[in-house]
Amino acid sequence: MLVTSRTNRNWLPEVFNELFNDNFIMPRTVSNNTPAINVIENKDGYVLELAAPGMTREDLKVTLNEENNLVIDIEKKAVTTENNDQAKETETRYLRHGFSMTKYHQTFILPEDVNMDSITAAAENGILTITLPKLMPEEMKREVKEIAIN
């Protein structure tokens with residue numbers, strides 16, 4: 001049986017201290033600029049869920065670029081002076097600011113079976129949900145074209 005001593009470990013660098021910490025099993029938190037993302041596949045298509053707490057529809061932008069890649073941009077608009085004045089009046093302040101993502105950009109390469117014309121997006125309760133329907137099998141068939149030889 002291996003026993004790890006926890007006495008006098010102050011000489012170890014902080015990185016090694018984390019290995020012996022009681023909470024080392026807990027997953028590390030992601031960067032404030034990297035939202036949590038779920039990608040789900042079912043028989044009808046794919047669903048991409050992106051955590052965007054505190055963001056409004058105006059802060060979110062979903063596009064298909066010229067290569068038919070899905071591009072998600074999030075940029076929190078500047079805080080208005082009205083919000084600043086309100087915070088001063090109530091004398092509030094953050095003790096911990098856990099979701100302070102202000103700018104995010106991500107490009108996703110989509111599978112070939114995604115129907116590019118039927119992609120939809122919705123934002124509700126801090127979650128951006130993008131639905132990517134699959135093409136029907138008959139839509140996936142490619143036409144055979146004979147090329148004349150000169």
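How many bridges join strand β2 to β7, and in which direction do the two strands run? In this predicted model, seven bridges join β2 (residues 45–51) to β7, and the strands are antiparallel. Strands here are DSSP runs of E with at least two residues, and helices are runs of H or I with at least four, numbered from the N terminus; two strands pair if DSSP finds at least two bridges between them. Within this pairing, V47 stands opposite T131 in β7.

Residues are numbered from 1 along each chain as its sequence is written. The model being predicted, local features need pLDDT of at least 70, side-chain atom pairs count only at pLDDT 80 or more, and totals for chains, interfaces and linings use all residues, while side-chain values use heavy atoms, with hydrogens and water left out.

The chain has a mean pLDDT of 75, and 64% of its residues reach 70 or more; pLDDT is the predictor's confidence in each residue, on a scale from 0 to 100. Over residues 1–13 pLDDT stays under 50, and the model has nine contacts beyond four places in sequence for this stretch. Contact means heavy atoms within 4.5 Å.

The strands β2 and β7 belong to an open sheet of four strands, in the order β1-β2-β7-β6 with antiparallel pairing. At its edges are β1 (37–41) and β6, each of which pairs on one side only. Neighbouring strands of this sheet are turned by 15° against each other on average, direction ignored. The axes are lines fitted to C-alpha atoms, for helices over the stretch in contact, and angles run from 0 to 180 degrees between N-to-C directions.

A further open sheet has three strands in the order β3-β4-β5, again with antiparallel pairing. Its edge strands are β3 and β5 (103–108); each has a single partner strand, so one side of each is left without a neighbour in the sheet. The twist averages 10° from one strand to the next. Six bridges join the antiparallel strands β4 and β5, and E75 has K103 in β5 as its bridge partner.

The largest nonpolar core comprises 17 residues, and those with the most contacts inside it are L48, L50, L60, I72, I74 and I130. Such a core is a set of buried Ala, Val, Leu, Ile, Met, Phe, Trp, Tyr and Cys residues joined through side-chain atoms within 4.5 Å. At least two residues of this core come from each of β2, β4, β5 and β7. Leaving aside neighbours within four places in sequence, L60 is in contact with A52, M55, D73, I74, A123 and L128.

N68, between β3 (60–64) and β4 (70–75), has a positive phi near 60° in a residue other than glycine. N125 occupies the loop between β6 (120–124) and β7 (127–133), and its phi, near 55°, is likewise positive in a residue other than glycine. Relative accessible area defines buried as under 20%, exposed as over 50% and partly exposed as in between (1.4 Å probe, protein chains only). N68 counts as partly exposed because its relative accessibility is 38%, and N125 is exposed at 73%. N115, in the loop between β5 and β6, is buried, with a relative accessible area of 15%. Beyond its neighbours within four places in sequence, N115 is in contact with P133, K134 and L135.
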